[in-house]
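Could you open the model in your viewer and keep the selection tool at hand? We will take a short walk together, one stop at a time.

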Amino acid sequence: MKDAGFTLIELLITMTLLALLSLVLFGGFRFGTRAWDRTEGSAAATAEIRRAQDAITETLGRAYPEMQFTDPKNPHVYFDGRANAVTYLGPSGDGAMAVFRLARDGDVLTMTTTPELARDPVKQTRTRKLVTNVKSFALAYYGAPNDLTPPGWSDVWANRSRLPTLVRIRATLAQARPGWTEMMVHPRIEADVACVYDALSKFCQGR
């Protein structure tokens with residue numbers, strides 16, 4: 001009676017099959033890992049855009065139309081809107097007023113915050129990076145600059161007596177990233193109701 005066992009050919013065939021099976025399993029594992037990484041990266045990028053748009057809607061939607069009387073012939077609200085940046089006044093997280101600036105810095109969309117009454121604006125300015133890999137960024141403003149002009153779109157809103165009705169924000173990101181959804185923000189506060197003009201300081205009383 002011969003001893004039970006494997007022949008050399010059977011052992012080679014078994015090892016070859018195991019190698020092929022390991023190769024298939026490893027390839028599937030690598031594919032799954034890459035798919036997982038892509039999914040996580042896409043989710044993180046989408047979350048970054050959502051946080052940025054929430055921050056813009058929150059601050060720009062509460063922009064405060066504080067009147068400025070530095071030029072007696074042209075009193076205007078504290079709002080400087082350009083095609084590539086916008087500066088506005090609004091409440092900060094600590095209850096005080098702050099100056100916000102939304103702009104593209106290189107390929108990064110940033111928001112800076114400076115306390116309205118900052119003694120050292122340079123040191124007290126905080127910069128927040130909202131979105132990275134920004135290829136283009138454009139702002140437009142809708143509204144009537146005065147009672148005699150019909151409303152319309154403009155890429156400049158500065159030295160106006162009122163805030164724009166809408167602010168449109170468009171951006172494009174690098175090709176490998178999820179897209180930016182066009183935003184429309186409506187500043188909700190229409191008038192500086194607390195303003196009583198002080199001729200000496202050329203500001204509202206109490207400020």
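**The whole chain.** Show everything as a cartoon, keeping in mind that this is a predicted model. The protein's secondary structure amounts to 2 helices and 14 strands. Of the 207 residues, 32% count as buried. If you display contacts with a separation of 6 or more, 51% of them join residues 24 or more positions apart.

**Strand 6.** Now select residues 108-115, which form strand 6. How many of its 8 residues are buried? The count is 7, leaving this strand mostly covered.

**Toward strand 5.** To see one of the pairings, pick phenylalanine 100 and look across to threonine 113 in strand 6, its bridge partner. Then follow the chain to the hairpin that links these strands, with 2 residues between them. Stop at glycine 106 there, where phi is positive, near 70°.

**Toward strand 7.** Finally, select residues 126-131, or strand 7, which pairs with strand 6 in the antiparallel sense over 5 bridges. Which residue of strand 7 is the bridge partner of threonine 113? Center on arginine 126 to find that partner. Keep threonine 113 highlighted as you finish: its bridges reach phenylalanine 100 and arginine 126.

Methods. Residues are numbered from 1 along each chain as its sequence is written. This is a predicted model: local features need pLDDT of at least 70, side-chain atom pairs count only at pLDDT 80 or more; totals for chains, interfaces and linings use all residues. Side-chain values use heavy atoms; hydrogens and water are left out. Buried means under 20% relative accessible area, exposed over 50%, partly exposed in between (1.4 Å probe, protein chains only). Helices (H or I, at least four residues) and strands (E, at least two) are DSSP runs, numbered from the N terminus. Two strands pair if DSSP finds at least two bridges between them. Contact means heavy atoms within 4.5 Å.
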